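Open the model in your viewer and keep the selection tool ready. The tour below names what to select at each stop and tells you what is there.

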Amino acid sequence: MGPLFWEALPSGRLMQDVPTWRAYTGQPEPLPTAGWLDSVIHPDDRETTMLAWVHALQSGQPLSVTQRLRGADGVYRRFLMQATPVLDAQGAITHWRGVSCPLAEVEQERDRTQQRAQVFDATTDAVIVTDRAERITDWNAAAEMLFGFTRQEMLGQSPAVLRLPSAPTTQSAAVLETVLAQGEWRGELAYRRKDGTPSISMATVRALVDDQGAVVGTIGIHRDITTRTASEARLEAVLAQERATRRDLETVLAAAREAEAKFRTVVDRNIIGIFVADADAVLEANAAFLQMLDYAAEDVAARRIRWQDLTPPGWEAADDSASQELLARGACAPFEKVYLRRDGTPVPIILAGVLLSLQPLRIMAFALDITDRKRLEAAVAARAAELEAVFAAITDGIYVYNAAGELVQSNPAARLINPNLVDETYLATPFGERISAFGVRDAQGQPLPADQTPVARILRGEQLVGVDTQMRQPHGRDLQLSTSGGPVRATDGQINGAVIVTRDVTARYALERRTQEALAVLLRVAQIVTEPATQADVRMLLARLTEALSQLDGVDIAHALLVDETEPALRLEPVAMYHLPPAELAAWRASVSAFKPANDARVVQMAAYLRAGNVLVQRFPAETPIVSPFAVDRFHLGTGITAPVVVAGQLVGLLTIGRARTAAQGQVDEFAPWDHDLLAGIGRLAAEALERGRLSAQLTAAEAARLAAEAATRQRDEFLGIASHELRTPLTSIKANLQIAVRAIDQFVATNAVDARLARAHDLLQRSDRHIARLDRIVQDMIDMVRNQAGLLQFQIVRGDLSVVVREAVEEQRLLWPSRAIELALPPAPVVVAMDAGRIGQVVTNYLVNALKYAPMDTPIAVELALAEGTARVAVRDQGPGIAVAEQALVWDRFYRAPEAVVENGSNVGLGLGLYLCKTVIERHGGQVGLSSSPGHGATFWFTLPLATEPA
């Protein structure tokens, strides 16, 4: 690949087509004359190129920039683009002449340039090299002397510019035709010099061919016979010949001086630093070299630029090697080193030299500033380090395999999942043996053979997204994993490896399971603490609460103790123990009865701590168990939480849950913080229930019933407030994880075939999302109810279009119930009301959810928004079983649920808060709610809102 020559206006517009450029980029048609670089320059290099171009335009200095250009094969290669401005008589830039050289060939080009320069400088014949399009690609010093034009002026020009006005216009074409036909042309040619004078040369023009024998250009050797011709014409006049000879010699001297001056100009304006030096100091230097090191011409004249000042310590060996090569070969190959600027700052360069003479010693050297390249290399290295840091910081396990199933790279998260990845012996084990040691199972717990594991499937070419598997770690812990990945292919499409991303979703699975179980337990506790019978009997209350607590996930024991502080010494009495075999209950009761807490000062301190209303967290066997040593030893307990039941300042009972150590390593799966808060809240609710029970026993039956009902309501409100806030965090986490999983599968389904298992998994995830949404609504209703009772339910009232709110609520339910028909009728114009759009949308959603829940699947739901007498009326009509007249006024009460209502779709779990909150929201907006229904003929729930008045 050779250099690419071009000419462009200051605006960047090409002055002519560049066939070599099209040949490199593979474009069949001539390039556009504007934006010609944008189509092939690498996006990351465009800004650097533009900045360099603007700087060159503003400064008038030559342009040099490194960039990556895309070839016809789609591969980006690094080029060094250099350009020199061409000025008019007033010094303004008329256009640019430039060349883009592949960096990989720059060094070769320099060697060729040095060799060509030595050959060109050694011959007295003018040498002109052109390409196939008759553009000059090389021009030696003798040609400069002969024709007066510098090499830089003639590069890219056609030899036709040298044609005499009197010469035939077809002269160049005739010469080229002969060369193409015969390979060579010989004869005399007449040209004009730069000063306009004619020149006659004996020329030999030969064809230049490439490796395939195709003609790529010509090389012409011109010997000046102008003087000889003139001499022959005047042979008869000796004196005239002598004067002509003298004149010719003077012309040659002038031309030589002019050529030397032009050469000096070329050297001074070159973007590469060029200097001549002896053994001690720099003798001559061009502007590029002086600017590179911040020296001036006066420093050269005073011999102040010395080798010992330019070269920092540590480069002696490289300099000695280059010097030996220079003396042995007459030139040294380019090598990297560092020079010091005048202020001592280092400048990385590429240096090459040519030996001009030994006596006296003279060396010509070429220095190219590679600061930008070094900065780019440093940036690339920093980027690689950054990517490595990101790889290490990713919390998902990442594994990179080769085609043989050998692990070649993993991140720290992967090594946490599989600690064996640091064992070289393990890594050298065949893939099948490695994978079988982990007992890999599918999502249903069925064993997976080695050839069906995610790694094996990807190495066969599959693309996996969110495949659920189970595995057992070396220490025995089971993990739930979600695996994604794909094959790594070579350019020919062959699979040469795989990339696997594994996420440990064990905690998520456990959290989902615990949340479902906790909700059931909480609803059970709410029922227990509001029953009058349990409020009057502390033993019954503690026993039933302990039974509910035993249903919590991860609870290995749950028991309750009665505490008697009326005796001189603290006494514990067993109430109930769950998860203990019946045959051992008697032994537990006996151990509790025999336990003497007053004999241990620490137990007495713990009792005082509990009496103050605190929750006690214990870790065994380091601490004295308040639950009795029997339970700790029998269950190998590792941790326990005890909540007090304190009534009138007296400790009357203890509720305890415990978790065992694993048999393998004695590790304990600690309770979560919300477990502590939950148990504490249940203890407080039990205490309040007992206090209300005692109070009701002291009052009249009617007053006691009223107070008990109020207490039960407050207890239930408090409990629901605690429960709703405790459930908010895990529900939010589960909902976010489910939505991420559903989106990932949706993206995969959009571009890949879906098998039955993935389709089922997708359906199950969507069902789970709907269940979580329903639980989320229940929790939100609980929170809103508590806030309303406390007078904290807030509204953000602004003017808005009620049609938009109704439409969005309907569309949301259509997405959640794609198989249900929901009809919507809206007015043609906006319906403007003053409202909290979120709260009103909640009311519409509650109406729709009730209709969808109780109406048959094959019947439609009708939603209508209408206007009447300054109000907007929204109605939701279903074709369900209807509601009896006696119950219609009760459905708006808090916690009311119709006893005979049959749920057609979804869960029967509910708190009876939805319609109560709907009534609260609408009345706070100045509207009304209502119900029209009769048994067997469906129901229509409606509400009205006043229309907004026009602003003044």
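Before the first stop, one definition: Ala, Val, Leu, Ile, Met, Phe, Trp, Tyr, Cys and Pro count as nonpolar, Asp, Glu, Lys and Arg as charged, and the others, Gly among them, as polar. Keep in mind that the model is predicted.

**Stop 1: the largest cavity**

The model has five cavities of 30 Å³ or more. Rolling a probe the size of a water molecule over the atoms shows where such empty space is left. Select Y399, Y401, I435, V455 and M471, which lie nearest the centre of the largest cavity. Its volume is about 360 Å³, and 22 residues line it. Next, colour β15 (397-402), α16 (431-436), α17 (454-459), β18 (464-472), β19 (478-489) and β20 (495-504); each of these gives two or more residues to the lining. How many of the lining residues are nonpolar, polar and charged? The lining of the largest cavity has 15 nonpolar, six polar and one charged.

**Stop 2: the second largest cavity**

Now select P159, V175, Y191, V205 and T218, the closest to the centre of the second largest cavity among the 17 residues that line it. The volume here is about 260 Å³. Elements that give two or more residues to this lining are β5 (126-131), α6 (171-182), β7 (184-192) and β9 (215-224). By class, the lining holds eight nonpolar, six polar and three charged residues.

**Stop 3: an open sheet**

Go to four strands that form an open sheet, in the order β1-β4-β3-β2, with antiparallel pairing. Because β1 (4-8) and β2 (63-70) stand at the edges with a single partner strand each, one side of each has no neighbour in the sheet. On average, neighbouring strands are turned by 25° against each other, direction ignored. Select β1 together with β4 (residues 93-102): five bridges join the two. Which residue of β4 is the bridge partner of F5? The partner is V99.

**Stop 4: two helices**

Finally, select α18 (residues 506-529) and α20 (residues 538-549), whose axes come within 9 Å and cross at roughly 170°. An angle over 145 degrees counts as roughly antiparallel, so α18 is roughly antiparallel to α20. Show the side chains of V521, R524, V525, I528 and V529 on α18, and of L541, R544, L545 and A548 on α20; these residues make the contact. Seven of the contact residues are nonpolar, none is polar and two are charged.

Terms used:
Residues numbered from 1 in each chain as written. Predicted model: local features only at pLDDT ≥ 70, side-chain atom pairs only at ≥ 80, totals over all residues. Heavy atoms only, no water. Pairing = 2+ DSSP bridges. Axes fitted to C-alpha atoms, helices over the stretch in contact; angles between N-to-C directions. 1 Å grid on protein atoms, 1.4 Å probe; cavity = no way out; pocket = protein on both sides within 12 Å on 5 of 7 lines; lining within 4 Å. Points joined across faces, edges and corners; volume = space filled by probe spheres on them. Parallel < 35°, antiparallel > 145°, perpendicular 65-115°, else oblique. Contact = heavy atoms within 4.5 Å.
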